[in-house]
Amino acid sequence: MDQIKTVCVYCGSGAGSSPRFVEAAHALGKSFAENNIRLVYGGGSVGLMGAIAQSTLDHGGRVTGIIPDFLKSRELALSRVQEMIVTPDMHERKRLMFERSDAFVALPGGIGTLEELVEQMTWQQLGRHSKPVLLANIDGFWEPLIALLAHMRATEFIRPSLDVDVLKAERVEDIVPRLRAAAALSPEGAKQMAPEVARRL
């Protein structure tokens with residue numbers, strides 16, 4: 001039995017240069033709704049964030065938005081969601097996104113998306129969680145990061161004892177099955193980081 005009931009998606013507050021990015025966000029939202037997976041995301045109604053949330057809702061799914069107070073107007077917090085949590089800062093936002101999610105997916109995005117993704121990769125590398133982390137490699141968007149990780153391994157800054165186990169999917173339809181397969185292999189006790197530990201990170 002899979003353990004994926006909620007998935008946090010990191011993605012851009014812009015639409016990006018390719019129509020495939022928005023198409024992927026729409027398709028992933030539909031996939032979550034059809035698989036009874038709750039979306040946890042950054043709370044906005046613009047860009048890829050808005051696209052995935054609106055699609056999840058339009059197909060009967062459930063959405064939790066988590067947004068810091070100072071971004072409510074800039075990213076136009078989406079009022080349709082079943083649950084909207086407003087935090088005092090980015091640190092609290094990221095902590096709650098972690099605690100409420102069984103897995104993480106990175107769609108295309110900018111610096112903020114990269115920062116959130118790398119934080120989960122770092123925590124996983126250090127053994128603080130074993131929740132699946134997946135790159136939605138739409139139109140090869142994440143290939144430069146994948147190449148950088150390979151370079152870090154080749155230069156021995158990512159050592160075998162501290163490897164990074166990041167999943168990858170070029171097609172949206174592969175995302176949920178890969179998350180479920182990874183969750184089934186993960187040791188049950190290591191999936192959840194204690195809240196008091198997350199607060200200290």
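Colleague: How many helices and strands does the protein chain have?
Modeller: The secondary structure of this predicted model consists of seven helices and seven strands.

Colleague: And which pattern do they follow along the sequence?
Modeller: Reading along the sequence, one finds β-α-β-α-β-β-α-β-α-β-α-β-α-α. The radius of gyration of the protein chain is 16 Å, close to the 17 Å that the globule rule gives for 201 residues, so the chain is as compact as a globular protein of that length.

Colleague: What box do the C-alpha atoms fill?
Modeller: Along the principal axes, the box is roughly 45 × 40 × 35 Å.

Colleague: What share of the residues counts as buried?
Modeller: Of the 201 residues, 47% are counted as buried. As for the surface, the protein chain exposes about 9600 Å², and carbon and sulfur atoms supply 55% of that area.

Colleague: What about contacts with a separation of 6 or more: what percentage comes from residues 24 or more positions apart?
Modeller: Such residues account for 71% of those contacts in the protein chain.

Colleague: Turning to charges, how many are positive and how many negative?
Modeller: The protein chain has 23 positive and 24 negative charges, and their mean positions lie 3 Å apart.

Colleague: Now a single residue. Where is Thr122 found?
Modeller: Thr122 belongs to helix 4, which covers residues 111-125.

Colleague: Why is Thr122 classed as partly exposed?
Modeller: Its relative accessible area is 31%, and partly exposed means a value between the 20% limit for buried and the 50% limit for exposed.

Colleague: How far apart are Thr122 and Gly42 in space?
Modeller: Their C-alpha atoms are 20 Å apart, while 80 residues separate Thr122 and Gly42 in sequence.

Terms used
Residues numbered from 1 in each chain as written. Predicted model: local features only at pLDDT ≥ 70, side-chain atom pairs only at ≥ 80, totals over all residues. Heavy atoms only, no water. Helix = DSSP H or I, 4+ residues; strand = E, 2+ residues; numbered from the N terminus. Rg over C-alpha atoms; globule rule 2.2 N^0.38 Å. Buried < 20%, exposed > 50% of the residue type's maximum accessible area, 1.4 Å probe, protein only. Contact = heavy atoms within 4.5 Å. Areas by Shrake-Rupley, 256 points an atom, 1.4 Å probe, with all protein chains shown as cover. Lys, Arg positive; Asp, Glu negative; His and termini not counted. Charge placed at Lys NZ, Arg CZ, Asp CG, Glu CD.
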